[in-house]
Amino acid sequence: MDLESRMANVEAQRPSGGTSAENILTAALAAAEPAPGLSWLDVGCGTGRMFRAILDQHRPSRLVGIDIIDWLDPDLTDAVDMYVGPAEETIRLAPHVDRVLLIEALEHLEAPWVVLRTAARLVVPGGRLVL
């Protein structure tokens, strides 16, 4: 699928507003076992609701976001290193981190196994990958 077709597919999904249901975000954050000082990568970060919860409660050392659309809330841009573009390409630019989140993202990817393999390599020893 070419980039134009992929972007049309993304635009069709825009009614979600780049967010997940609160109960899904809460469960994913609990599964990640957050702690102060951790670095995080959120693939398909949308508006940054998960980042907001992490910032408010856990004092992260670094936040990295990936999304095909730059719809990160403007007040988060200074706190998040954002990569905009297809995850299959942009994830290769991401640093190693303590926590990688792929919450409601795999089903939107053209090559989910590429992203999943790369995400697993980015998690530092003792870190967590949360799907």
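Tutor: The model is predicted, and helix α2, residues 22–31, is the part taken here. Some context comes before the detail. The protein chain holds five helices and five strands, and from the N terminus their order is α-α-β-α-β-β-α-β-α-β. Of its 131 residues, 44% are buried. Among contacts with a separation of 6 or more, 58% join residues 24 or more positions apart. The chain exposes about 6,800 Å², with 54% of that supplied by carbon and sulfur atoms.

Now the helix itself. In α2 the buried residues are L25, A28 and L29. Viewed down the axis of α2, these buried residues fall within an arc of 100°, so they line one face of the helix. On the face of α2 turned away from the buried side sit N23 and A30, both exposed, that is, with over 50% relative accessible area.

The buried face has several partners. L25, A28 and L29 are the buried residues of α2, and the buried residues of this helix pack against strand β1 (39–43), helix α3 (49–58) and strand β5 (123–130). As for what comes after the helix, α2 is followed by E33, which has a positive phi, near 50°.

Conventions:
Residues numbered from 1 in each chain as written. Predicted model: local features only at pLDDT ≥ 70, side-chain atom pairs only at ≥ 80, totals over all residues. Heavy atoms only, no water. Helix = DSSP H or I, 4+ residues; strand = E, 2+ residues; numbered from the N terminus. Buried < 20%, exposed > 50% of the residue type's maximum accessible area, 1.4 Å probe, protein only. Contact = heavy atoms within 4.5 Å. Areas by Shrake-Rupley, 256 points an atom, 1.4 Å probe, with all protein chains shown as cover. Arc of directions from axis to C-beta.
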